[in-house]
Amino acid sequence: MPRKRQLHPEFWTDSKLSRLPVEARLAFLWSLNMADDEGRFRCDGPTLSSAVVRYEQMPHDEADEMIDILVSEGRWLPYTHHGEAYFVIPHWHAWQSI
């Protein structure tokens, strides 16, 4: 369930994030809002493309690529629970103080 969150000021100066495509940075921001209080959330290409760039057209394969980028950069860690795909944001509590 989406939560009201604060954006950590280091988001804007994180050199590793700054090298990512704009869409991937937006996807990471989206995940900060969508994650539960432990940093877990569900995501797939169609969900990401409709949520992150709602007013733009992003093919689902490009959204899948953004997911792959965030996973490869260690921003999202995938896991499965009861057969459903989820992600968790590593170092969640560094990004969000609940």
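R75 and D14 make a salt bridge, with their closest N and O atoms 3.1 Å apart. R75 sits in the loop between α4 (60-72) and β2 (77-81) and D14 in the segment before α1 (15-18), so this pair ties together parts that are 61 residues apart in sequence. This is a predicted model, and the salt-bridge count comes to 3. Here's a quick run through the details.

**R75 and D14: burial**
- R75 has a relative accessible area of 12%, so it falls under the 20% cut-off for buried.
- D14 counts as buried too, at 19% relative accessibility.

**R40 and D36**
- Another salt bridge joins R40 to D36, and here the closest N and O atoms are 2.9 Å apart.
- On the D36 side, the residue is buried, with 17% relative accessible area.
- R40, on the other hand, is partly exposed at 37% relative accessibility.

**E84 and R42**
- E84 pairs with R42 in a salt bridge whose closest N and O atoms are 2.6 Å apart.
- This one links distant parts of the chain, 42 residues apart: E84 is in strand β3 (residues 84-88), while R42 is in the loop between β1 (40-41) and α3 (45-52).
- E84 comes out as partly exposed, with 34% relative accessibility.
- R42 is partly exposed as well, at 46%.

- Oppositely charged side chains can pair when their charged atoms come close.

Key: Residues are numbered from 1 along each chain as its sequence is written. This is a predicted model: local features need pLDDT of at least 70, side-chain atom pairs count only at pLDDT 80 or more; totals for chains, interfaces and linings use all residues. Side-chain values use heavy atoms; hydrogens and water are left out. A salt bridge is a side-chain nitrogen of Lys or Arg within 4 Å of a carboxyl oxygen of Asp or Glu. Helices (H or I, at least four residues) and strands (E, at least two) are DSSP runs, numbered from the N terminus. Buried means under 20% relative accessible area, exposed over 50%, partly exposed in between (1.4 Å probe, protein chains only).
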